[in-house]
Amino acid sequence: MPIAEPMRRYLPLLVLPLLILSGCRPDDDPPNAFGAVPSARQLAWHQLHYYAFIHFGPNTFTDLEWGHGDERPEVFNPGSFDARQWARTFRDAGMEGIIITAKHHDGFALWPSEYSTHTVRESAWRDGSGDVLRELSDACREYGLKFGVYVSPWDRNHPKYGTDEYNDVFKSMLGEVLSDYGDVFEVWFDGANGEGPNGKKQVYDFPGFADVVRRLQPQAVIFSDGGPDIRWIGNENGYADTTNWSTVRAGAFYPGIPDVNDQLQHGHRDGDTWLPGEADVSIRPGWFYHRAEDDKVKSVAALAEIWFRSVGMNANLLLNIPVDPRGLVHQNDSTRLMEFREWRDNAFTEDLARGSLVVASNVRAGNQRFDASNLIDDDPESYWATDDGVNNASFDLTLSEPAAVNAILLQEYIALGQRVDSVTISVERMGTMTPVAFGTTIGNRRIVRFPRVETRRVKVELAARAPLVLSNVSLYDIPPTDG
Ligand code: FUL
């Protein structure tokens, strides 16, 4: 029913006192989302930190990094193959999943594909009756790990490579991988695009490949240089940039795009698309196993640095551990993985911010729901938020007793976007607050390190592009690594 004109004019005057009386101001609403936001499948991926990459195939036996595609399939013969040993090792290492090279550039399929004659079926392993993907996906389920696949579009073996038909062959092979082995959490597309056996390069149908993934594994994230869900971090050292936006400008990146590594490393502040970074690196110099690298497994110190610069810089870490020709994770790698886990457990188990008093310079509508105490409540869905228009704010943590600290972990509530441009950390020393560290972006997770100091008060000053929305703060006293 239409409201009479005089009534309409006076309506705000009537409603406003009612709103005030009920204690309800417009800012009692949650903050609006800012800019691009993650999809449900990206949000699920953001909850991960660290998972294993496995490069395994004929190269494991021929000592190559890039097989030529003409290797005899019989060379693939892992005598002590045990996917359960891999899964157990990675579970014990504190990893959350495994991504395996189902097919690398040499074209050899680790499953008995109907669309290729260069597969485990043609190998000497188990007289051709084995299926690596079957045993690994089963082992992942048994050990509570997520299962993911790397499937290289570049194929140096397939006779159809370099022709239009190959895109359909690739889609069919991808379809097998995504239909026959249960849930897949991530599909990893390598941008490498070289020549096939006929000397020709392929024009890849990436949109068509993505359609296959969406149809068969709608919850899986698709990784490539340009997404559509996860972007490469622009180097193979496992390092994101200290400034790392999860947003990029639409269309700026595509699989195999050259000369943008720097941009991939830090994303775009003015990006209109959510495309977070994944940092990949190998625990050894090569991606595949080489006996000559048995004593070149990265140190705990090197792995810790990678952790700070990936997981601690708004990326997930994909750490490659090449399986050896026996079909086992080598002792040197598993020993190092366990040492690295022990260091992380020592570093991150005790959160010194828990139980502290947190007071913010501004709390949205003064409403308890957005209070700064949400920063230390262990609930990732609760957050501290500021009023609309308050894009610069701070909070103080007062510890129950003085403690030595050297790192702070900050997390934005990214379901509503990425906002923070800069952060300054100060600590109380002899009664005065002294700045000890500066940072730029936060995003899903940011660890800022500073020289170890004993203090009772820590101040975090933030400048953002929209009201602040942070879900978590943690304080740590991280032990040194043994070098
Ligand atoms: C690169 C490949 O060419 C390497 O062999 C390796 O698989 C690495 C993870 O991606 O593009």
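Angles between axes are classed as roughly parallel under 35 degrees, roughly antiparallel over 145, roughly perpendicular from 65 to 115, and oblique for the rest. The axes themselves are lines fitted to C-alpha atoms, for helices over the stretch in contact, and the angles run from 0 to 180 degrees between N-to-C directions. The model is a predicted one, in which local features need pLDDT of at least 70 and side-chain atom pairs count only at pLDDT 80 or more, while totals for chains, interfaces and linings use all residues. Residues are numbered from 1 along each chain as its sequence is written, and side-chain values use heavy atoms, with hydrogens and water left out.

Helices (DSSP H or I runs of at least four residues) and strands (E runs of at least two) are numbered from the N terminus. Helix α9 (300-309) packs against helix α10 (residues 331-348) at an angle of about 55°, with the two axes 10 Å apart, and α9 and α10 are therefore oblique to each other. The crossing of α9 past α10 is right-handed, a term that applies if the near helix is turned clockwise from the far one by less than a right angle, anticlockwise being left-handed. On the α9 side the contact (heavy atoms within 4.5 Å) is made by V300, L303, A304, W307 and F308, and on the α10 side by R336, E339, F340, W343, R344 and F348. These residues divide into eight nonpolar, no polar and three charged, where Ala, Val, Leu, Ile, Met, Phe, Trp, Tyr, Cys and Pro count as nonpolar, Asp, Glu, Lys and Arg as charged, and the others, Gly among them, as polar.

The buried residues of α9 are V300, L303, A304, I306, W307 and F308, buried meaning under 20% relative accessible area with a 1.4 Å probe and protein chains only. Their cover includes β1, β9, β10 and β16 (446-464) as well as α10. In α4 (residues 83-92) the buried residues are A83, Q85, W86, A87, T89 and F90. At the start of this helix, a side-chain oxygen of D82 comes to within 3.1 Å of the backbone nitrogen of R84, and after α4 comes G94, with a positive phi near 85°.

Two buried residues complete the tour. N320, in strand β10 (residues 315-320), is buried, with a relative accessible area of 0%. Its side chain is joined to that of H55 by a polar contact of 2.9 Å, a polar contact being a pair of N or O atoms within 3.5 Å in which, within protein, one must be able to donate a hydrogen and the other to accept it, and residues adjacent in sequence count only if both atoms are side-chain atoms. The side chain of N320 also reaches the backbone oxygen of W287 at 2.8 Å. H290 lies in the loop between β9 (277-282) and α9, and is buried at 8% relative accessible area. Leaving aside neighbours within four places in sequence, H290 is in contact with D63, L64, E65 and R284.

Note on methods. Buried means under 20% relative accessible area, exposed over 50%, partly exposed in between (1.4 Å probe, protein chains only).
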